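This briefing is meant for a reader who is meeting the structure for the first time.

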Amino acid sequence: MSLYEEWKAVAYEHESKESFNKFWNQYAITEKRIYADVLENYKENVEGVVKDLIEKYETTGPYFMGFLDGINESLKKPLEIEEINEDTSIHLEIDFEKLYYNMLEAKADYLYTLSQWDVILDEEKRKEITKEHRTAKTVVKGDKVGRNDPCPCGSGKKYKKCCGK
């Protein structure tokens, strides 16, 4: 079984809601510790052999795979997650603005409120990204076509006599 398959099994295959919640609470502690280190050393890319990184971050293969799965969308060059094993050498070049945005999207307040962000993105930039995140969720409805308005299909007929039938 690949590390990614192990991760999916550990993360999503639970007998009860209680075991599901217990797992995610434990995982969040590990994830927070890894991100704190990554953010603290933001000038250095995370790189190395997976088994060495697992050791460095004092975690397990599936938990580290969960970290990689979570950060993958924020990388300048995404990884082929399914193909990673303990002997795979990886290089993570992180787009920190995108990472912050994705943490907001995941509602991971335990991650986007880490103090290490202060050095990477100033408060103004974080507010800007947060505003962008909020407006991306706002649905703007277009003007409604009135029954006596020209049909938007371009036929020249009134909407009520064309597509509005």
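Thr30 lies in helix α2, where helices (H or I, at least four residues) and strands (E, at least two) are DSSP runs numbered from the N terminus. The model is predicted, so local features need pLDDT of at least 70 and side-chain atom pairs count only at pLDDT 80 or more, while totals for chains, interfaces and linings use all residues. Residues are numbered from 1 along each chain as its sequence is written, and side-chain values use heavy atoms, with hydrogens and water left out.

**Surroundings of Thr30**
- Thr30 has a relative accessible area of 8% and is therefore buried (under 20%; exposed is over 50%, partly exposed in between, with a 1.4 Å probe and protein chains only).
- Not counting residues up to four places away in sequence, Thr30 touches Thr59 and Tyr63, a contact being heavy atoms within 4.5 Å.

- Leaving aside neighbours within four places in sequence, Trp117 is in contact with residues including Leu39, Phe96 and Arg126.

**Strands**
- Strand β1 (residues 46–49) and β2 pair in the antiparallel sense over four bridges, pairing requiring at least two bridges found by DSSP.
- Glu47 stands opposite His91 in β2, whose uncovered face holds Ser89 and His91 and whose covered face holds Ile90 and Leu92.
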